[in-house]
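I opened the notebook to record what I looked up in this structure. The entries follow the order in which I checked things.

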Amino acid sequence: MSALTLIATLIGVPVSVWALWFVIEFARYIFSGEYEMDKRLRDVCK
């Protein structure tokens, strides 16, 4: 394994884990109804 492959792996794995976590949490946020509530609150505060 070359040094470049090792560095790419050390950077790529945490970024991939973060991206997967972000997508899961974003979907949970949208489907839970919190997004609609936040949108209504933004409209009220304008």
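**Surface and overall form**

I began with the surface: the accessible area of the protein chain is about 4,300 Å², and 75% of that belongs to carbon and sulfur atoms. I note here that the model is predicted. I then looked up burial, and of the 46 residues of the protein chain, 0% count as buried. The C-alpha trace spans about 55 × 20 × 5 Å along its principal axes. For secondary structure I found two helices and zero strands.

**Helix H1 and what follows**

Helix H1 covers residues 3–32, which is 30 residues. I checked its reach from first C-alpha to last and got 44 Å, close to the 44 Å expected at 1.5 Å a residue. Just after H1 comes Gly33, and I noted its positive phi of about 95°. Helix H2 takes up residues 34–45.

**Aromatic rings**

I asked next how many aromatic pairs there are. The count comes to three. In one of them, the ring centres of Trp18 and Phe22 are 5.4 Å apart and the planes stand at 25°; a pair counts as stacked under 30 degrees, so this pair is stacked. Phe22 also pairs with Phe26, again stacked, at 6.1 Å centre to centre and 5° between the planes.

I looked up where these residues sit. Trp18 and Phe22 both lie in helix H1, four residues apart, about one turn of the helix. Phe22 and Phe26 also both lie in H1, four residues apart, about one turn. Trp18, Phe22 and Phe26 form one aromatic cluster.

**Charged side chains**

I turned to charge. The protein chain has 5 positive and 5 negative charges, and their mean positions are 4 Å apart. Side chains of opposite charge can pair when their charged atoms come close. I therefore asked how many salt bridges there are, with the cut-off at 4 Å between nitrogen and oxygen. The count comes to three.

The side chains of Arg28 and Glu25 meet in a salt bridge at 3.1 Å, N to O. Arg28 and Glu25 are three residues apart in helix H1, so about one helical turn separates them. Arg28 is partly exposed at 45% relative accessible area, and Glu25 is partly exposed at 28%.

Glu34 counts as partly exposed, with 36% relative accessibility.

The remaining entry is Lys39 with Glu36, whose side chains meet in a salt bridge at 3.7 Å, N to O. I looked up the accessibility of both partners: Lys39 is partly exposed at 32%, and Glu36 is partly exposed at 37%. Lys39 and Glu36 lie three residues apart in helix H2, so about one helical turn separates them.

Which residues do shared partners join into one network? They are Glu25, Arg28 and Glu34.

Notes: Residues numbered from 1 in each chain as written. Predicted model: local features only at pLDDT ≥ 70, side-chain atom pairs only at ≥ 80, totals over all residues. Heavy atoms only, no water. Buried < 20%, exposed > 50% of the residue type's maximum accessible area, 1.4 Å probe, protein only. Areas by Shrake-Rupley, 256 points an atom, 1.4 Å probe, with all protein chains shown as cover. Lys, Arg positive; Asp, Glu negative; His and termini not counted. Charge placed at Lys NZ, Arg CZ, Asp CG, Glu CD. Expected span 1.5 Å × (residues − 1). Phe/Tyr/Trp six-rings, centres within 6.5 Å; stacked < 30°, edge-to-face > 60°.
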